[in-house]
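Please view the sequence and the structure together.

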Amino acid sequence: MKAIISAACAAVLLLSGCETTNSAQNSVTFKTDKYGKVSSVTLAKPSGSEAMDASLKRGVLARFHTIVPRPLPNRTYIQPLVLVTPTTLEDYMHGDPNKTN
């Protein structure tokens, strides 16, 4: 148990100076039907993971009515997004091939 805690502490110490998040620019497009209800939600840059994209769409859809309380019928709304994801240990271990030491 002490070895596991020591290894975890060492990993935290080593990674503490590293960048802890990655961010990406993206946007989401909302289209409304003739009644003003959201009929489609589309990401400009899908992540490649259907589960992650579906989760993101649910999240932005939940906030849509906060941003646009009364959507107009037959309209297109575009919301810019900045996606921030934590850096994983795998990202750190693989490193950035474009970066030089």
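**Basis and overall fold**

This is a predicted model, in which local features need a pLDDT of at least 70 and side-chain atom pairs count only at pLDDT 80 or more, whereas totals for chains, interfaces and linings use all residues. Residues are numbered from 1 along each chain as its sequence is written, and side-chain values use heavy atoms, with hydrogens and water left out.

The protein chain contains three helices and three strands, arranged from the N terminus in the order α-β-β-α-β-α. Helices (H or I, at least four residues) and strands (E, at least two) are DSSP runs, numbered from the N terminus. The chain has 101 residues, of which 16% count as buried; buried means under 20% relative accessible area, exposed over 50%, and partly exposed in between (1.4 Å probe, protein chains only). Its accessible surface comes to about 8,100 Å², and carbon and sulfur atoms hold 59% of that area. These areas come from the Shrake-Rupley method with a 1.4 Å probe; for residues, only the protein chains shown count as cover. Among contacts (heavy atoms within 4.5 Å) with a separation of 6 or more, 63% join residues 24 or more positions apart.

**Confidence**

The pLDDT, the predictor's confidence in each residue from 0 to 100, averages 76 over the protein chain, and 60% of the residues score at least 70. Confidence is lowest in helix α1 (residues 2–15), at a mean of 49, and highest in β2, at 94. Over residues 6–18 the pLDDT is below 50, and this stretch has three contacts in the model beyond near neighbours in sequence. Where pLDDT is low, the predicted coordinates should not be read in detail.

**Core and aromatic residues**

A nonpolar core is a set of buried Ala, Val, Leu, Ile, Met, Phe, Trp, Tyr and Cys residues joined through side-chain atoms within 4.5 Å. The largest one has nine residues: V28, F30, V41, L43, V60, F64, V68, Y77 and L81. Each of β1 (21–32), β2, α2 and β3 supplies at least two residues of this core. Helix α2 has 18 residues and reaches 25 Å from its first C-alpha to its last, close to the 26 Å expected at 1.5 Å a residue; the expected span is 1.5 Å times one less than the number of residues. The buried residues of α2 are D53, V60 and F64. V60 touches V28, F30, V41 and L81, leaving aside residues up to four places away in sequence.

Rings of Phe, Tyr and Trp (its six-membered ring) pair if their centres lie within 6.5 Å; planes under 30 degrees apart count as stacked, over 60 as edge-to-face and the rest as tilted. By this rule there are two aromatic pairs. One of them, F64 and Y77, is edge-to-face, at 5.6 Å centre to centre and 70 degrees between the planes. F64 lies in helix α2 and Y77 in strand β3, so this pair ties together parts that are 13 residues apart in sequence. Both residues, F64 and Y77, are buried, and together with F30 they form one aromatic cluster.

| Residue | Relative accessible area |
|---|---|
| P46 | 57%, exposed |
| N74 | 57%, exposed |

P46 lies in the loop between β2 (38–43) and α2 (50–67). P46 and N26 are 20 residues apart in sequence, with 8.8 Å between their C-alpha atoms. N74 is found in the loop between α2 and β3 (76–86). The phi of N74 is near 50 degrees, a positive value in a residue other than glycine. Most residues other than glycine have a negative phi.
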